[in-house]
Amino acid sequence: TALGWLDFLVPKDPSSRTVATAIQFGPHPANLLDLHAPRHPQAPLPLLIFVHGGGWDSGDRTEYGFAGRALAPLGFLVAIADYRVFPEAAFPAFVDDLGAAATWLVAHAGDYGGDPGRLFLVGHSAGAYNAVMLGIEKSFFREYNVTMPIKGIAAIYGPFDFYPFEYDEVRNVFGK
């Protein structure tokens, strides 16, 4: 995709590093995440999950490495997680996948220099909606036994008002 090529061609920030790629965090083949961290971390690092956009029917963590490389030097252990998309899955499957990613990240934070007591969510576009839903709808965390509070959520250019469900993609993804 164009975003993937842009990410490939843009110079990389030397103050960050990719710690791990394609970590399986859940039962579905799409449940993979990449981790980014500062090159010289002051551990333990707060955790940040960046949720990519794509209209709930596309998008891929590998296209958003630039986000991980930009946020990691600010002092975060950044996870960029893939989630199932439409038509393979509809709401709430993509939020369930992010709950599984958060559970994995909290459980394994110490292995990568992260602090499991500080979790932040950032999402762009459809990912902003997913991040907000994960943060405000406590049933997603209960299902995955995540008991820690989310310290903050940043929603970038997210769709939050669907009524009257006038677009087919929203009706299809959300079953309305």
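**Sheet and helices at a glance**

Six strands make up an open sheet with mixed pairing, and their order is E1-E2-E4-E3-E5-E6. The edges are formed by strand E1 (16–24) and strand E6 (150–156), each of which pairs on one side only. From one strand to the next, the twist averages 20°. The model described here is predicted.

**Strand pairing**

- Strands of a sheet pair through backbone hydrogen bonds, in either a parallel or an antiparallel arrangement.
- E1 pairs with strand E2 (residues 32–38) in the antiparallel sense, over six bridges.
- Isoleucine 23 has leucine 33, in E2, as its bridge partner.

**Helices on the sheet**

- Helix H3 (residues 93–108) lies across E1, E2, strand E3 (45–51), strand E4 (77–81) and strand E5 (114–124).
- The direction of H3 is at about 160° to E3.
- Helix H4 (residues 126–136) also packs on the sheet, where E3, E5 and E6 are the strands touched.
- Between the directions of H4 and E5 the angle is about 140°.

**Contact between H3 and H4**

- The axes of H3 and H4 come within 9 Å, crossing at roughly 65°.
- Angles of 65 to 115 degrees count as roughly perpendicular, so H3 and H4 are roughly perpendicular to each other.
- The two helices, H3 and H4, cross in a right-handed way.
- On the H3 side, the contact is made by Phe94, Val95, Leu98 and Gly99, which meet Asn130, Met133 and Leu134 of H4.
- Sorted by class, the residues in the contact of H3 with H4 are five nonpolar and two polar, with no charged ones.

Key. Residues are numbered from 1 along each chain as its sequence is written. This is a predicted model: local features need pLDDT of at least 70, side-chain atom pairs count only at pLDDT 80 or more; totals for chains, interfaces and linings use all residues. Side-chain values use heavy atoms; hydrogens and water are left out. Two strands pair if DSSP finds at least two bridges between them. Helices (H or I, at least four residues) and strands (E, at least two) are DSSP runs, numbered from the N terminus. Axes are lines fitted to C-alpha atoms, for helices over the stretch in contact, and angles run from 0 to 180 degrees between N-to-C directions. Contact means heavy atoms within 4.5 Å. Angles under 35 degrees count as roughly parallel, over 145 as roughly antiparallel, 65 to 115 as roughly perpendicular and the rest as oblique. A crossing is left-handed if the near helix is turned anticlockwise from the far one by less than a right angle, and right-handed if clockwise. Ala, Val, Leu, Ile, Met, Phe, Trp, Tyr, Cys and Pro count as nonpolar, Asp, Glu, Lys and Arg as charged, and the others, Gly among them, as polar.
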